[in-house]
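These are my notebook entries on one structure. I set down what I looked up, in the order in which I looked.

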Amino acid sequence: MKRDDVVLITGASAGIGEALAVELSSRGLRTALLARRTDRTERLAARLGGDARSLAIACDVTVEGALDEAVALTLQRFGRIDAVVANAGFGVDGALARLSLDDYRRQFETNVFGVLRTAMATRAPLAATRGVFAAVGSVSAYVSAPGASAYNMSKGAVRSLCETLNAEWAPAGVAVVHIAPGFVSSEIRKVDRKGQLREGAKDPVPGWLQLSAEAAAREIADALSARRAEAVITGHGKALVWLSRRAPAVLRQLLKLMARQARPSKGEG
Ligand SMILES: NC(=O)c1ccc[n+]([C@@H]2O[C@H](COP(=O)([O-])OP(=O)(O)OC[C@H]3O[C@@H](n4cnc5c(N)ncnc54)[C@H](OP(=O)(O)O)[C@@H]3O)[C@@H](O)[C@H]2O)c1
């Protein structure tokens, strides 16, 4: 990626998406910032250079046609799209016994169909620039922790989509990057399974285990520049992915231990 290239990021109002917009802007890129909370993205766009360099666009990735509209606005403003990061997502937590089909559907609508809508809407402009498409999945695509089947399934689907598009879009010169972060500091663990942010909620993951969103953004930006097929972010994430590939039986035992320690209530299993 070079100076003045244009990157479109979904979920740019917080966490990893926001930090990535700041990082890519500092590397000279122009940014299209998509999210539902436009008060935040408008402030960020002003910080990243205003109208000539950055554009805030209201976009809910679960809404049909919203991505096409956002792409049209980006092309109208900047004339091209060189990179796309399908990053918008949240987590539906809870054991299967506590969840309904609607919980799974809500998870997939954002984390899977949101990424798919982003890919479909940006395929043609990316082919025009021989650009790069990245999706933010998770280490959960490799490590299926108990109590998170909806999230794990959604990230498994994102990984599979990336691997498919990696080959499918190669003839058009579009690189596809699967980003798989471990624990990164953001708002994600304060958002409930309905997708509502609970400002005062406590993050259950200890701070020492979390990589800063800024450090994660630097690694993601490097992976985009290098057009790498896969980037696992965080040391613990790399160790877990290694275990899943080299010692899956050990990982399964660890996950069973985790499930026992979580002590699910009777019948929750
Ligand atoms: N942080 C971690 O530990 C971690 C680990 C692995 C993977 N990830 C993945 O990283 C990505 C970013 O998460 P984060 O940790 O940065 O969480 P975050 O701080 O909660 O940010 C989530 C972003 O997604 C946007 N978003 C959510 N639903 C949306 C929708 N329907 N339409 C448009 N935008 C939507 C939010 O914007 P609005 O609410 O303004 O729309 C926000 O900008 C997610 O895909 C997540 O699964 C995070």
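**Entry 1: Arg 193**

In which loop is the place of Arg 193? I worked on a predicted model and found Arg 193 in the loop between β6 (175-181) and α7 (213-226). I then looked up the partners of Arg 193. Its side chain reaches the backbone oxygen of Asp 93 at 3.0 Å. Leaving aside neighbours within four places in sequence, I listed its contacts as Phe 90, Gly 91, Val 92, Asp 93, Gly 94, Arg 98, Leu 99, Asp 103 and Arg 106.

**Entry 2: the sheet**

I next traced the strands. Seven of them form an open sheet with parallel pairing, in the order β3-β2-β1-β4-β5-β6-β7. Why is one side of β3 and of β7 left without a neighbour in the sheet? I noted that β3 (54-58) and β7 (230-233) stand at the edges and each has a single partner strand, so one side of each remains without a neighbour in the sheet. On average, neighbouring strands of this sheet are turned by 15 degrees against each other, direction ignored.

Strand β2 (residues 30-35) pairs with β3 in the parallel sense over five bridges. Within this pair, I recorded Ala 56 of β3 as the bridge partner of Leu 33.

**Entry 3: helices on the sheet**

Helix α3 (residues 66-78) packs on the sheet and touches β1 (6-10), β2 and β3. I noted an angle of about 160 degrees between the direction of α3 and that of β3. Helix α5 (residues 113-129) lies across β1, β4 (83-86) and β5 (132-136). Its run is at about 170 degrees to β5.

**Entry 4: the ligand**

Which residues come nearest to the ligand? Of the 30 residues around the ligand, I recorded Ser 13, Ile 16, Arg 36, Tyr 151 and Ser 186 as the nearest.

I then looked up polar atoms at the ligand. A polar side-chain atom of Ser 186 lies 2.6 Å from an oxygen atom of the ligand. For Arg 189, a polar side-chain atom lies 2.9 Å from an oxygen atom of the ligand. At Val 61 I found a polar backbone atom 2.9 Å from a nitrogen atom of the ligand. Last, I noted the cover: on its own the ligand has 880 Å² of accessible area, and the protein covers 96% of this.

Conventions. Residues numbered from 1 in each chain as written. Predicted model: local features only at pLDDT ≥ 70, side-chain atom pairs only at ≥ 80, totals over all residues. Heavy atoms only, no water. Pairing = 2+ DSSP bridges. Helix = DSSP H or I, 4+ residues; strand = E, 2+ residues; numbered from the N terminus. Axes fitted to C-alpha atoms, helices over the stretch in contact; angles between N-to-C directions. Contact = heavy atoms within 4.5 Å. Near = heavy atom within 4 Å. Polar contact = N/O pair within 3.5 Å; in protein donor to acceptor, adjacent residues only side chain to side chain. Areas by Shrake-Rupley, 256 points an atom, 1.4 Å probe, with all protein chains shown as cover.
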